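Hi,

Here is the structure I promised to pass along. Have a look at it first, and then read on for what turned up in it.

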Amino acid sequence: MFQSLLPFYSFPVFFAKICLVAVLLVCIRGALWFINMLLLQPFFDPLRHLPGPDGALLQSHLQQVMDPVLSTNTYVEWRKRFGRTFRFNGFGKLLMKDLQHDYRLMTFDPRAIQHVLSDTAFEKPWQTRSFMSRLIGRGVRSALWNISYSLNIYFLGIFSMEGKEHDMQRKIVHSAFTPRSVKNMTPLFFQKAEELQECWKNILDEHISPQTKTSPSASMLAGPVAETVIDVAHWISRASFDIIGLTGFNYDFHSIRDESEPVYTAYRRMFNIADKGLNLRQILDLYFPILRTIWPNDDIRETNESLRVIKKAGEQILAERKTAVQVAVANGDEGNESDLLFLLIKSNMSNDPSARLTDQELLDQCSTFFMAGSDSVAVALSWCFHLLSLNPDIQTRLRDEINGISHISDGDISDSSTDSGFHDCDICRPEPPFLAKPAYPRRCRHLPRWEAVENLQYLDAVVRETLRFCPPVHGTIRVATENAKIPLSRPVTLFDGSTIASGRINFARKDCHLTVRKGSYVHIPIEGWNLSEDVWGRDALVFNPGRWLKSYYEPSYKLGPSNLMTFGYGHQSCLGYKFTLAEIKIFIATLLPHFEFKPADGVPISKFNTILTRPFVSGKWSAGTQLPIMVREIK
């Protein structure tokens, strides 16, 4: 009898032995990985031969690279000391001098950047894609099928995918960003820009002195009649959120008027969580995803609650837009719809059934639109008003250019001449509240509203210079998925003074290259390229829109639109850059004639970099994104 019960009583012991063996195997595997990383791989890493900044034990250079307060001077110093291509310490030096486990490659060589961002052998690190996946919702069961929050330019949707899946999705998404599609969306940009203008005017009206209110003649003589400090970043974020709701899904969140709308509030809470950056808990979640289920913290619970709100709205929006596509196709009038989700569904229906996007993938793209089309645009536009406030001469010149055009109609109207494109106009009056009438006669273009704005050369220069000077995305990272060779446009002098290292770098041929091993990280400094004196001349660190009105530099390589890295490069560059340019230009053209912008007294503005490079009040980082500017109404 007791012998028959022995197996039952010995089972706990047997189970304990199995657990002990499992733990030992994990420990042995971890020890081997640790030894390989710290003792073996560094000796075979070609990057150890490159020049670069030295560091003490455990010292990392990541803060100098990723903190926008430090990075500008860091890039200048390192380029002077080490040339265009060099290495730096990632997570710190743990071994002897000139040898550590996490060398990172950084390059300002245009040929190397072009290759890394175009070659499929270099992908976004899995950690980055996993983190962005959580922001978007993929992998989070409570997500809106994952129309959750996503940010800039390097997130889920097509931006965190690789290979054939990425190429297929990019082909479908491209249909939503054609020039015609963007042009059809511009009336919505004007609508929301004018709504924001009205809100700001109401705020300023509350600050008009009683004497001014009772004396219209005094108001006319005084010019600007009211001024107050407005958090420009906050208001523009609300407006851009409304725009992506309308242009993305034909859904108006009305967040300019009321920011308590449930979906907007849910997104805003998640954006605020993302702005905290990647902390230790989030790093642990990347490597041990089960922690999010068995040990959720306040941020995870708040994110999940927000996603439940968004899920309900997302399912309803997707169902409505699918029905709208089916009805439009059946009636033959699908050309009247221009929102991005409608265009995506329509393109998806006409695509090969085996390559169509699922409902989840369609909504993943919508999440990308929310970041690339909402927060990143809002950040860029906020920085533009900040730079205009710091440069009153530039602001005045731009305002004069905008006031020099006349809005005639949103439709195509032919002019009085059959060939000139102009007509003499002494009495044309712009349609308020868009543009103020200049006090002198001039020749007016008979152009649709958006085309009139699009043709403003100095406005275009100011916008491009803002995107150069303050790119919303600070930088991006790629990892080599195999041993690879990176071509260079010029030799690299190694740390020992030589320029030829057999088996590592070959300059014997004209087509020189640098070898990197599998797993090496390559940092592409978007801000660094945009502010490089080699690219933009000696005044690269000066905000100077005039550089876009004449040729300062003729580069051998063109990296992105107008040689800007702001929108990325290669097969994962931003598809919506024309959308971004149009929205920024329309908001400036609508607001600047009516308001003057000046720095708020005693409110220093700094940058911080999480997923996007955002403004905040110096010393008040915990308060989140803020950009207080003194705004004065112009009558």
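Let me start with Phe-616, which sits in strand E14, spanning residues 613–617. Please keep in mind throughout that this is a predicted model.

Is Phe-616 buried or exposed? Its relative accessible area is 10%, and because buried means under 20%, Phe-616 counts as buried. Leaving out residues up to four places away in sequence, Phe-616 touches Pro-604, Ile-605, Ser-606, Lys-607 and Phe-608, and also Trp-621, Gly-624 and Gln-626. Pro-628 is twelve residues from Phe-616 along the chain, and the C-alpha atoms of the two are separated by 8.8 Å.

Now for the whole protein. There are 22 helices and 15 strands in its secondary structure. Of its 635 residues, 54% count as buried. If you take the contacts with a separation of 6 or more, 76% of them are between residues 24 or more positions apart.

Next, the nonpolar cores. In soluble globular proteins, nonpolar side chains tend to be buried together. Here the largest nonpolar core has 100 residues, and Trp-200, Phe-385 and Ile-588 are the ones with the most contacts inside it. Which residues does Phe-385 touch, not counting those up to four places away in sequence? They are Val-232, Ile-236, Phe-587, Ile-588, Leu-591, Phe-597 and Ile-629. Another core lies apart from the largest one; it has 14 residues, including Leu-341, Ile-345, Leu-357 and Leu-362.

H22 covers residues 577–591 and contains Lys-585. Have a look at that lysine: at 6% relative accessibility, Lys-585 counts as buried. Setting aside its neighbours within four places in sequence, Lys-585 is in contact with Trp-450, Val-453, Glu-454, Leu-459, Asp-460 and Val-463.

Two packed helices are described by the angle between their axes and the distance between the axes. For H19 (residues 457–469) and H22, the angle is about 120° and the axes are 10 Å apart. H19 and H22 are therefore oblique to each other, and their crossing is right-handed.

The crossing of H7 and H22 is right-handed. From H7, the contact includes Pro-179, Val-182, Met-185, Phe-189, Phe-190 and Trp-200, while H22 contributes residues including Phe-579, Ala-582, Ile-586, Phe-587 and Leu-591. How do the residues of the contact of H7 with H22 divide by class? There are 13 nonpolar, three polar and four charged residues in it.

One more helix pair is H10 (residues 232–249) with H11 (residues 262–274), whose axes are 12 Å apart, at an angle of about 125°. H10 and H11 are therefore oblique to each other, and they cross in a right-handed way. Ser-237, Arg-238 and Phe-241 are the H10 residues here, and they meet Val-263, Tyr-264, Tyr-267, Arg-268 and Phe-271 of H11. By class, that gives five nonpolar, one polar and two charged residues in the contact of H10 with H11.

Most residues other than glycine have a negative phi. Asn-250, in the loop between H10 and H11, has a positive phi of about 60° although it is not a glycine. His-254 is found in the loop between H10 and H11 too, and has a positive phi of about 55°, again without being a glycine. Are these two buried, partly exposed or exposed? Asn-250 is partly exposed, with a relative accessible area of 45%. His-254 is also partly exposed, at 43%.

Methods. Residues are numbered from 1 along each chain as its sequence is written. This is a predicted model: local features need pLDDT of at least 70, side-chain atom pairs count only at pLDDT 80 or more; totals for chains, interfaces and linings use all residues. Side-chain values use heavy atoms; hydrogens and water are left out. Axes are lines fitted to C-alpha atoms, for helices over the stretch in contact, and angles run from 0 to 180 degrees between N-to-C directions. Helices (H or I, at least four residues) and strands (E, at least two) are DSSP runs, numbered from the N terminus. Angles under 35 degrees count as roughly parallel, over 145 as roughly antiparallel, 65 to 115 as roughly perpendicular and the rest as oblique. A crossing is left-handed if the near helix is turned anticlockwise from the far one by less than a right angle, and right-handed if clockwise. Contact means heavy atoms within 4.5 Å. Ala, Val, Leu, Ile, Met, Phe, Trp, Tyr, Cys and Pro count as nonpolar, Asp, Glu, Lys and Arg as charged, and the others, Gly among them, as polar. A nonpolar core is a set of buried Ala, Val, Leu, Ile, Met, Phe, Trp, Tyr and Cys residues joined through side-chain atoms within 4.5 Å. Buried means under 20% relative accessible area, exposed over 50%, partly exposed in between (1.4 Å probe, protein chains only).
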